[in-house]
Amino acid sequence: ILTMKSFSEERKSKTDQLLLTSPVRLVDVVLGKYLAMVTVFLTPNLIFCIYPLVIKMQGTAYLRVDYAAILMFFYTLAVFYIAIGMFLSALTESQIIAAVSTFAVLLILHLWGGLLDFIPSTAISGVIGIIAIITIVALIIYQLTKNWVISAVIEAIGVIACVVTYVVKSSLFENLLVNLLGKLDISGSFSNVYMNKLLDVSDLILCFSLIALFVFLTIQTIQKRRWS
């Protein structure tokens with residue numbers, strides 16, 4: 001709901017033309033909107049920071065765990081999710097479509113850990129899954145560049161490498177898809193803090209990388225509209 005109007009409303013009311021022709025860099029426009037939404041979400045999170053102190057005054061509180069959980073909540077379940085919502089808002093001029101699609105994607109991410117249990121762990125399913133991921137990446141590159149040669153080369157290299165690796169040593173693909181997709185369980189990083197009291201730096205790096213990716217995709221989506 002917070003992100004649905006960020007770019008879809010601009011596109012619907014045609015005010016995006018002002019953004020595309022303004023002397024301000026497109027990167028600054030996207031980052032300005034993104035940081036504004038993050039700031040709005042930061043306000044209640046700052047209020048959350050008072051709660052552990054109140055609990056500490058009345059009884060026992062584990063401040064390091066509490067504040068680490070609040071940090072991960074803000075960093076993973078807020079800053080990352082806002083980046084996804086902003087990107088989806090840039091793809092459409094309908095606020096409703098932007099809101100519903102964002103809700104659907106975030107629901108899938110929330111249920112990601114449970115959905116992994118339904119993925120087969122065999123070698124053949126692993127190679128098929130990796131080829132499917134390569135195909136999706138090639139399609140994204142084509143949408144951004146409109147160059148089918150680059151996309152076809154990436155697809156061909158990826159498929160050949162997967163097939164050759166499978167023939168030489170198929171055991172490498174066993175559980176590969178599950179382990180690979182398991183790295184994207186962002187909500188699991190948050191539960192790791194408040195349940196297991198573990199703050200993994202690699203989770204923060206992964207989350208930051210995904211944030212940068214979706215901000216970059218948002219910039220490229222708007223940049224593509226500028227020259228179309």
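This is a predicted model: local features need pLDDT of at least 70, side-chain atom pairs count only at pLDDT 80 or more; totals for chains, interfaces and linings use all residues.
Local features need a pLDDT of at least 70 and side-chain atom pairs count only at pLDDT 80 or more, while totals for chains, interfaces and linings use all residues. Residues are numbered from 1 along each chain as its sequence is written, and side-chain values use heavy atoms, with hydrogens and water left out.

Start with the inside. The largest nonpolar core has 41 residues; such a core is a set of buried Ala, Val, Leu, Ile, Met, Phe, Trp, Tyr and Cys residues joined through side-chain atoms within 4.5 Å. Here buried means under 20% relative accessible area, exposed means over 50%, and partly exposed is in between (1.4 Å probe, protein chains only). Y34, F80 and I211 touch the most other members of this core. Two or more residues each come from α3 (26–48), α5, α8 (123–145), α10 (176–182) and α12 (201–227), and α5 gives the largest share, 14 residues. Helices are DSSP runs (H or I, at least four residues), numbered from the N terminus. Beyond its neighbours within four places in sequence, Y34 is in contact (heavy atoms within 4.5 Å) with V79, I82, A83, M86, I211 and V215. In soluble globular proteins, nonpolar side chains tend to be buried together.

F103, L107, I108, L111, L115 and F118 make a nonpolar patch of about 630 Å². Patch members have over 30% relative accessible area and no salt bridge, and nonpolar side chains (Val, Leu, Ile, Met, Phe, Trp, Tyr) are joined within 5 Å; areas come from the Shrake-Rupley method with a 1.4 Å probe. Helix α6 supplies the largest share of the patch, 3 residues. I108 sits in α6 and is partly exposed, at 42% relative accessible area.

T92 counts as buried because its relative accessibility is 15%. A polar atom of its side chain lies 3.1 Å from the backbone nitrogen of S94. Leaving out neighbours within four places in sequence, T92 is in contact with S8, R11, I97 and A98.

A search of the whole structure finds 1 salt bridge, meaning a side-chain nitrogen of Lys or Arg within 4 Å of a carboxyl oxygen of Asp or Glu. R25 and D28 form that pair, at 3.0 Å from N to O. D28 is partly exposed at 35% relative accessibility, whereas R25 is exposed at 54%.

Note on methods:
A polar contact is a pair of N or O atoms within 3.5 Å; within protein, one must be able to donate a hydrogen and the other to accept it, and residues adjacent in sequence count only if both atoms are side-chain atoms. Patches are made of residues with over 30% relative accessible area and no salt bridge: like charges are joined within 9 Å, nonpolar side chains (Val, Leu, Ile, Met, Phe, Trp, Tyr) within 5 Å.
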